[in-house]
Amino acid sequence: MIIIPKYKYFSSVIIVLLFGAFCGNVVIYTVNFGFFFPFWDQWELLRYIVNLKNGTIEWHTLWAQHNEHRIFFPRIIMLGIAWATHWNHAYELALNVALGTSIFFVLLYIHSKYTHHDMITHICSSVILLCLCFSLLQSENWTWGWQNQIFFSVLCAIATFYLITHTSSDTHLCMSIFTSFMGTFSFANGILIWPVSIFILILNRRINHAVMFFIAFALTAWLYYHDYVSPQGHGHFWAFLSIFEVYIKYVLVYLGSPVLPINELTRLIFGIVGLCIFIYLCLISIMKKYYQNPLFLFGVCLCMFGICSAMVTGIGRCAFGVIQSESSRYTTIANTLWYGLLSMYLTCAGSIKTMTIKFVLGAVSVFFVYSNIRFSEVKYKMPNYNPSFARMLINDEINTANAQTYYPISDTVLVNIPILKKYNLSVFHK
């Protein structure tokens, strides 16, 4: 008979209650501030929906670029939701919450499986995960159904890194190749899953698997960049070198955004702090040989993915200014650095005094809770014009001026409103 310690029951109850509170906060915010009508890029999805309903959709068009992304899998899922629900955006938003919840429970499972600490350590580490996974700092991704692509990309990255660090079977390698492929064709930064995975496989001396992964990567990259057109307004690839100081600030602010977003300076400071902790833990791992621990390697993968995402995004976007790195859409990706740091720290905790572990995790969890509550208060106090715009859509009160608030090309909105009515879609579905 297996006897399960009482603290595990108690900690599980506490975590479930906390999950209800954090997830409930996201749901309430999404219900009140969500876009329950086509917003920004979603207007471009309408032609796919119409073609699908008319039976004239050409499936090769699903591979088409959207800016620098190829959102093949998210596009199929959004079309499926639109076809089944008359483009009811509530289902898109529910999917985003479900994906965010999946990220939390996958990470919780991984930490619980490979760490055997006491109740306080378990609860504190779980609170940190809750604060990151359900932060309103990701508000754009919670309130806009189109953003499921970012959640998909991050979830695929987590799945891939788990598979390559916790098992060495050929079957799981094939699964990790598939999840990498899904991540690549969900959001552009998903292509970074491949080089990170190859690096870890080589580090683990799994050369045969690294070669297989590289071949799959080469084929995927060819498919991704076949007929690729550089998006307008992004400038030359090497243009970031002429504003290198702005680029460095962009990357650091990007990485520090999930922690304490008071202003650009605090984000920048925590970006530096996150990188310093990562370097320190890597150095510790060399001395203590933690790099042989699956959970530690998993954390390294997540950190590398977050850091590389910031660097690559900065190359393409730093010309728009550092403030662009503060966009809430990137917080979901930047979170991977902090997920990884937590995984690495929990691995190293085996050689740290128990009270020190409790103190550090306790202090960090309190800090994250404070940051979460403070920013939630700010977000709830912000003006919400979405309900009024939905009413204007229904009442035919949209004109060139107010349409540009929700899409830069106002004519696209004005031309597509009659199409929404004709096909009984979105706010016009009764």
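Predicted model: local features only at pLDDT ≥ 70, side-chain atom pairs only at ≥ 80, totals over all residues.
User: What does the secondary structure of the protein chain come to?

Analyst: The protein chain has 18 helices and zero strands. Its radius of gyration is 22 Å, close to the 22 Å that the globule rule gives for 430 residues, so the chain is as compact as a globular protein of that length. Of these 430 residues, 54% count as buried.

User: How is a pair of aromatic rings described?

Analyst: Such a pair is described by the distance of the centres and the angle of the planes. In this structure, the count comes to 37 aromatic pairs. One of them joins Phe19 and Phe104: the ring centres are 6.0 Å apart and the planes lie at 10 degrees, under the 30 degrees that count as stacked, so this pair is stacked.

User: Which parts of the chain does the pair of Phe19 and Phe104 tie together?

Analyst: Phe19 lies in helix 1 (residues 6–33) and Phe104 in helix 4 (residues 89–114), so the pair ties together parts that are 85 residues apart in sequence. Phe19 counts as buried at 18% relative accessibility, and Phe104 is buried with a relative accessible area of 0%.

User: Is the pair of Trp40 and Tyr407 stacked or edge-to-face?

Analyst: The pair is edge-to-face, with 6.2 Å from centre to centre and 65 degrees between the planes. Trp40 is in the loop between helix 1 and helix 2 (46–54), while Tyr407 is in the loop between helix 17 (400–403) and helix 18 (410–422), 367 residues apart. Trp40 counts as partly exposed at 33% relative accessibility, whereas Tyr407 counts as buried at 6%.

User: Which residues do ring pairs link into a cluster with Trp40 and Tyr407?

Analyst: The cluster also holds Phe35, Phe37, Phe39, Trp144, Phe389 and Tyr406.

Methods. Residues numbered from 1 in each chain as written. Heavy atoms only, no water. Helix = DSSP H or I, 4+ residues; strand = E, 2+ residues; numbered from the N terminus. Rg over C-alpha atoms; globule rule 2.2 N^0.38 Å. Buried < 20%, exposed > 50% of the residue type's maximum accessible area, 1.4 Å probe, protein only. Phe/Tyr/Trp six-rings, centres within 6.5 Å; stacked < 30°, edge-to-face > 60°.
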